[in-house]
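Dear colleague,

I am handing over the structure we spoke about, and I would be glad if you could look through it alongside the notes that follow.

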Amino acid sequence: MSALTFTVKQATQQRVDVSPLVCHLLKDMTLADITAIELQNGKRKIRVDELFEVSGSDSQNIVFRKSFAKLDFIGKELEAGSMVVHGDAGAYFGIGMKSGKLTMEGDVGLYAACEMKNGLLTINGNAGDFLGAALPGNKQGMKGGTVLVKGNVGQRAGDHMRRGTMLIEGDAGDYCGARMIAGTIAVMGNTGQFLGYAMQRGTLLLWKAPQLSATFNDCGSHTLAFLPILFKSFSKFDSKFAEQSVAFNRVQRYGGDMAEKGRAEVLVKL
Amino acid sequence: MIINGVSIDETFAEAFPMKATRAIITAQNEKWAMISAQAMTGFATSVIACGCEAGIERILEPSETPDGRPGVSVLIFAMGGKGLAKQLETRAGQCVLTSPTSALFAGIDEGLQIPLGKNLRYFGDGYQIAKKIDGKRYWRVPVMDGEFLTEATTGRVDAVGGGNFLVLAESQPQALAACEAAIVEMKKLPNVIMPFPGGVVRSGSKVGSKYPALGASTNDAFCPTLKGITKTDLSPEIESVMEIVIDGLTKEDIDKAMRVGIQAVCDLGAANGIQRISAGNYGGKLGPFHFHLQEIMA
């Protein structure tokens, strides 16, 4: 069975909510049913076959082609299966994802992986602000799973993050790990201002020295036993994180945010 | 059945169901992993009075351990799940948490999960940190030498305790030498421990006692010094009897261990004073697992 493929015919002016096009919702549907689905497009509805050329039949293996930056909610609450997106995506990429694999070949907008619960979400390009964060008004962001970003991420990555792992090969914007409750964010590139602002618990793992606020206290240099296990767990990813040469277990440890609980840590490679 | 002049009794060893778990201790080097493992498995020879039976299964290469350091795997057996969990936690807390550079990991993934470091984490007084890696939860507990890393839980499985055989020899040194040879071979096998000191028991017991408070007492039928005054099972030339007790994760593991152990004893043979191999048979009073010596050696 070939992958169920949605190829964009023509980009729309208004944003499109493509959340109905996920593996678990299409599981028992015929091709005719799928093409007849109506998607919210701005204030009107648009049929799937108006926007996409649909081919293939394996609904547990979905591909988007020629995707553009106004397609929102791709992979919303994905429960199983695999989705690959070629092109760019809009906001809420993989929001509330529960399981499976979701892969973006290009860039994604705001709130990617927001409130994600499990699974593997890979972004080969860049991600916008609030990666893995909580929706406005909610108290908990990403609660599990792994987010892998090969490019850069915007501001407030991991805001209110509760659990899970976020791996960023590029740079992270300001407020990375802000208000983080727990979990792990690893950044190979540079980090911006206000790193770990109001962070309660959790780990920020950095390859480059950050600009830390006065509310993070230096706890000295250490060799930590959990790091080899953590890096070993990265070896299965198609990423720089899987390379042995990037692994380390010797770090400078900063504890904070002392204006909050002070149980969080920033670990910087030595 | 006679092997190399050693008579194999037509009898069977009786064993009973137990609950077991495996823990992996790693440290900066093998020396410190072994020190911790020895402490953890100390005073764990018999469930009769120790609460559990525990032993070192084998030394692990760095490539075999979760954190890539030298390690030692330890098996712990108890009569019930609660007792096992209590013993594991007590021993881990007193002997691994305290041991320099140590870390503690689950050695069995399947089965019911029982606490390993799940409660030890409270030693961290709120500074402990949880990390979930590849579906497993670890605890990082700040300690004076750095951090004590431990997996939260380990698997508990059904197991078999009390597999055994008796070595009957013409002298005490000959009995001990034969047992030592057996232990060397048996220790090469996975999934089994011989929990008594050095793997050898000189005080094999029978079920019951003339003293009501005791559930077990000396196996007088195999005590050489009582030959003339009890219903003995010993011929005149037998001067010493020693027992090897085996706990295993499965009956098959004990089968294999008994086979290699008895074979090692028989390799020394009658020429070295070994007369007979027998087993602790309690007429069905001890347990449902029966290890027939002649079948095992066939």
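Strand β12 (residues 192-193) of chain B is joined to β15(B) by two bridges, with the two strands running antiparallel, and within this pairing B:I193 stands opposite B:D247 of β15(B). Please keep in mind throughout that this is a predicted model.

The strand β15(B) also pairs with strand β11 (residues 153-169) of chain B, again in the antiparallel sense, over eight bridges; here B:N164 has B:V245 in β15(B) as its bridge partner. Nine of the nine residues of β15 (residues 240-248) of chain B are buried, so this strand is largely enclosed by the rest of the structure. In general, the side chains of a regular strand alternate between the two faces of the sheet. In β15(B) both faces are covered, with B:S240, B:M242, B:I244, B:I246 and B:G248 buried on one side, and B:V241, B:E243, B:V245 and B:D247 buried on the other.

Turning to chain A, four strands form an open sheet of mixed pairing, in the order β4-β3-β2-β7. The edges of this sheet are taken by β4 (44-47) and β7 (71-72) of chain A, each of which has a single partner strand, so that one side of each is left without a neighbour in the sheet. Strand β2 (residues 16-17) and strand β3 (residues 38-41) of chain A pair in the antiparallel sense over two bridges, and A:D17 stands opposite A:Q40 in β3(A).

With best regards

Conventions
Residues numbered from 1 in each chain as written. Chains lettered and ligands numbered in written order. Predicted model: local features only at pLDDT ≥ 70, side-chain atom pairs only at ≥ 80, totals over all residues. Heavy atoms only, no water. Pairing = 2+ DSSP bridges. Buried < 20%, exposed > 50% of the residue type's maximum accessible area, 1.4 Å probe, protein only.
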